[in-house]
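I opened this entry to keep track of what I looked up in the model. The notes follow the order in which I checked things.

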Amino acid sequence: MSRRFWSDLTARLEPYTPGEQPQLDNLLKLNTNESPYPPSQRVMEALRGLTGDELLRYPDPGARALREAAADFHGIPVDCVFAGNGSDEVLSHVFQGLLKHSRELLFPDISYSFYPVWCQLHGVQYRQVPLRQDFSLRVEDYDTAAAAVIIPNPNAPTGLLAPLVVIRQFLEAAPNRLLVVDEAYIDFGGESAIPLLAEYDNLLVVQTLSKSRALAGLRIGMAFGAKELIEGLERVKDSFNSYPLGVAAQRAATAAYRDGDWFQQSCNAVIANRESLTDALVALGFEVLPSAANFVFVKHDTLSGRVIFDALRAEGVIVRRWDKPRIEDYLRISVGTEEQCERLVETLRQVLPAL
Ligand code: PMP
């Protein structure tokens, strides 16, 4: 009955459903694209070094050390860097602060399913632009008179990468249209658009430390763009929560950016596992889209996505699937360690013949 206290907006919301985080014994969790490898030792040392005196104070509201480490890593000025509590929060600020206009926002029909939810929350007018039959992205399909375009690159959940030439075409086609590139998965084989910031002021790049830096549990997201775009995001942040990142998250994320060796090794290991997993899945009768991410998007030649999803779940293997037109027969499978990938493949070998 207390629902009567909900605002009209609250009653209308259709919230995003995150991948489940069940606590089962012997579970193989390949549904939310976390890193299969623990973070850098430097991160663990930074966390162990926290003192009570640091915890009793509020953290740095501007996350200066973290933003400097990210700026150094990417070779850009620190005032072109924004930090928030996971890229979901950063993206929410982007929708509210930079994508809400009288002209519409465009994004692909198959992309991150949180985008329409933020549009609803913040009252952003939007239109979904169908990807081509093969899920590729075409610049000419996007109206140059739109206020903005947002794309995940590599795309989620397909894993397909748009090369930098395509990003450049988007930027050149409409200098007054903002392009937001959500690079949650860029470190697994793609080329970041961050170097293009030196040439274009209509570009904002969003990244996360949840995947390639193995810090999903601490919630850290970043945005990179022209100083004025970052200033816009800071205005939204400081009207919402002045201290979005706790001291532990700031310390850990700073250490993560300062350990380039761990980062490279970990990404390379995931890429190698993705390639062998792809071969094994093809041998089992799956079509595997070419992935530049830490997951593969796959469809079986004869069996429906739902049947395979349920059979895997019964064996304690959790992957992700959407009941959406065009992709209902696909499964998105996060790339695990070698052993995890082997268990997935072995489980499929056992269950598929009976389906
Ligand atoms: N963008 C995309 C495309 C994603 O798949 C995700 C992960 N669900 C995010 C952003 C958000 O990541 P996080 O909030 O963990 O930084």
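Predicted model: local features only at pLDDT ≥ 70, side-chain atom pairs only at ≥ 80, totals over all residues.

I find 13 residues around the ligand. Ser87, Tyr185, Thr208, Ser210 and Arg219 come nearest.

For threonine 208, an N or O atom of the side chain is 2.5 Å from an oxygen atom of the ligand. For tyrosine 185, I read 2.7 Å between a polar side-chain atom and a ligand oxygen atom.

**α5 and α8.** I turned to helix packing. Helix α5 covers residues 86-98, and helix α8 covers residues 227-237. Their axes come within 9 Å. I noted a crossing of roughly 105°. The range for roughly perpendicular is 65 to 115 degrees, so α5 and α8 count as roughly perpendicular to each other.

Which residues of α5 and α8 meet? From α5 I listed His93, Val94, Gln96, Gly97 and Leu98. From α8 I listed Leu229, Leu233, Val236 and Lys237. I sorted the residues of this contact into five nonpolar, three polar and one charged.

**α2 and α9.** I then checked helix α2 (residues 41-48) against helix α9 (residues 247-258). Here the axes come within 8 Å and cross at roughly 150°. Angles over 145 degrees count as roughly antiparallel, and therefore α2 and α9 are roughly antiparallel to each other. I also looked up the hand of the α2 and α9 crossing: right-handed.

On the α2 side, I have Arg42, Val43, Ala46 and Leu47 in the contact. They meet Ala248, Arg251, Ala252, Ala255, Ala256 and Arg258 in α9. The residues of this contact divide into seven nonpolar, no polar and three charged.

**Backbone checks.** I finished with peptide bonds and phi. The bond from asparagine 153 to proline 154 is cis, and I read omega near -5°. The bond from alanine 156 to proline 157 is also cis, with omega near 10°. Where does proline 154 lie? I placed proline 154 in the loop between β5 (148-152) and α7 (164-173). Proline 157 is in the loop between β5 and α7 too.

I flagged phenylalanine 135 for its phi, near 70°. That is a positive value in a residue other than glycine. I found phenylalanine 135 in the loop between β4 (126-129) and β5.

Definitions and conventions. Residues numbered from 1 in each chain as written. Heavy atoms only, no water. Axes fitted to C-alpha atoms, helices over the stretch in contact; angles between N-to-C directions. Helix = DSSP H or I, 4+ residues; strand = E, 2+ residues; numbered from the N terminus. Parallel < 35°, antiparallel > 145°, perpendicular 65-115°, else oblique. Left-handed = near helix turned anticlockwise from the far one by under 90°. Contact = heavy atoms within 4.5 Å. Nonpolar A, V, L, I, M, F, W, Y, C, P; charged D, E, K, R; others polar. Near = heavy atom within 4 Å. Polar contact = N/O pair within 3.5 Å; in protein donor to acceptor, adjacent residues only side chain to side chain.
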